[in-house]
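Student: I would like to learn how to read disulfides and strand pairing from a coordinate file. Can we work through one case?

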Amino acid sequence: MLALCESLAVGCGGGGGGGSSGTPQAPSVSTPTAPLELHANVGDQAVSLGWRAPASDGGAAVQSYEVVASPSVSSTDISISGTRALIRNLSNGASYTFSVRARNSVGAGPPASTAPLMPAAADMESYEPLVIEDDTSPSGIFDPSVLVESNGDVWLAYSSVHYYNDAQNDLVQDVGIRLAHSTDGGDSFRFEQTIAEPVAAVVTDTDPALSACGAATCSGRWVYETSWLIDDATDPDPNRRFKLFAHKYFLRPGASTPTLYHLGAIVMWTASSPDAAWSDEVALLGWSLSPPELAPSTLLNALHADVSSCIVAAEGTSLVRDGAIDFAFACPYASDSGNPQKIIMLRSTDHAQSFQYVTTILEPSDAAALGADFFSAPAFSNSEIAPALLVTPTFDGKYAGCVAIPFADIESGALFRTGDLPAEILYAPPVQDRFGGSCAHDPRLESDGILLSGALPNAMASETQFDIYATHSTL
């Protein structure tokens, strides 16, 4: 009997002795430990926070989180969603510290606290053109995408622009994709290599009305625009670890509509390192009007009813998060008011071999509070812990800076909202008299802050100048 009791690890009562009753003791429960990896985005009269769950819940599930500001703010100005928080109506120029505690059935545990944070509006006086040493782009640079490696090296993917008049005096709007490299935290960049250059092409016109050139096939050029670069470290193929994406589309110089975005696709290159040789391009994501010459592997319009009407997937961005890749695109679609855009979110869980629809993040009506027609040019702020979305408000077809909006739940693609409208925390306006939009941001790129594209129109279109500005306004 004794051997049986020991093997079962239970107590056995004796026959009339005064031993232990044998009742198992309930495990002790304590408060959770402090939340981990507390990050902050600091904006204009606002701060957003993100953190990871505590290492220990104390033996009882975490029920909620508490956010405390010092100096204190009204509880009505603090919104908490899972492991994200938004604090609004702060005073610019004042210093705040924020503490986050996890609470279970026993009580609240110890806090994780931020360093002192000072909300501020973007300051246009601090904008500076970004200089890329050895870059030879005749008309300048545009469309930044930034990646900071674990060793602190910074890589910049960007559009290299060349506007010129050809022998027929037609405007040629050539755009290609280049990489630059910084070894000093983004204080200076040097041109590294060209990934894609414009090239002559013959393309099938997939519009039944043959609107491109009035014939079944059209002669023109392939061009590449709005690239974005990621480190997909968990890809089992080391030669595919780094991925660079871009919108490839057809250019027909001399036509009334020379930039035919619908005759294109999202393409991808891969490499073992940004400074290594990159693969040939692969057409990854297309739409109903993508030409057969590209043969994309995934059709956007077939993913979900909400994207069935997308004419293209334009100006994309992506964020590697917990082994998955989140993508966001502008989706222009036909309506009675022209071609408004909504911002959609897709996800890949197999290293960009396939896509799933997640949600529509923003509708045109979400831009109404700014007086804009819609938002375009989405970009993820490169933070897994406190992710935010940068988008460009568009007025009468013109880009006008970028707005930062924090995510309440990036898994579902939900943004923080005030009422029914997105809760923007910072607006970086374009340089005066310039067309400006398409931004990039990484919280580790402190010296440059948000990178903002700008274009200076000229009476002669071939002399339009393109720039990327370091705003020095960092979230």
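Predicted model: local features only at pLDDT ≥ 70, side-chain atom pairs only at ≥ 80, totals over all residues.

Student: What is a disulfide, and how many disulfides does the count come to here?

Tutor: A disulfide is a covalent bond between the sulfur atoms of two cysteines. Here the count comes to three.

Student: Which residue does C213 join?

Tutor: C213 is joined to C218, with an S to S distance of 2.1 Å. The link is left-handed, at -90 degrees about the S-S bond. C213 has a relative accessible area of 25%, so this residue is partly exposed, whereas C218, at 1%, is buried because the cut-off is under 20%.

Student: Are C402 and C439 buried or exposed?

Tutor: Both are buried. The S to S distance of C402 and C439 is 2.5 Å. Their S-S torsion is about -105 degrees, so the disulfide is left-handed.

Student: Which strands pair with strand 18, and in which sense?

Tutor: Strand 17 pairs with strand 18 in the antiparallel sense over three bridges, and I266 stands opposite L285. Strand 19 pairs with strand 18 in the parallel sense over two bridges, with L299 as the bridge partner of G286.

Student: Why is strand 18 called largely enclosed?

Tutor: Four of its five residues are buried, so strand 18 is largely enclosed by the rest of the structure.

Note on methods:
Residues numbered from 1 in each chain as written. Heavy atoms only, no water. Buried < 20%, exposed > 50% of the residue type's maximum accessible area, 1.4 Å probe, protein only. Pairing = 2+ DSSP bridges. Disulfide = S-S within 2.5 Å.
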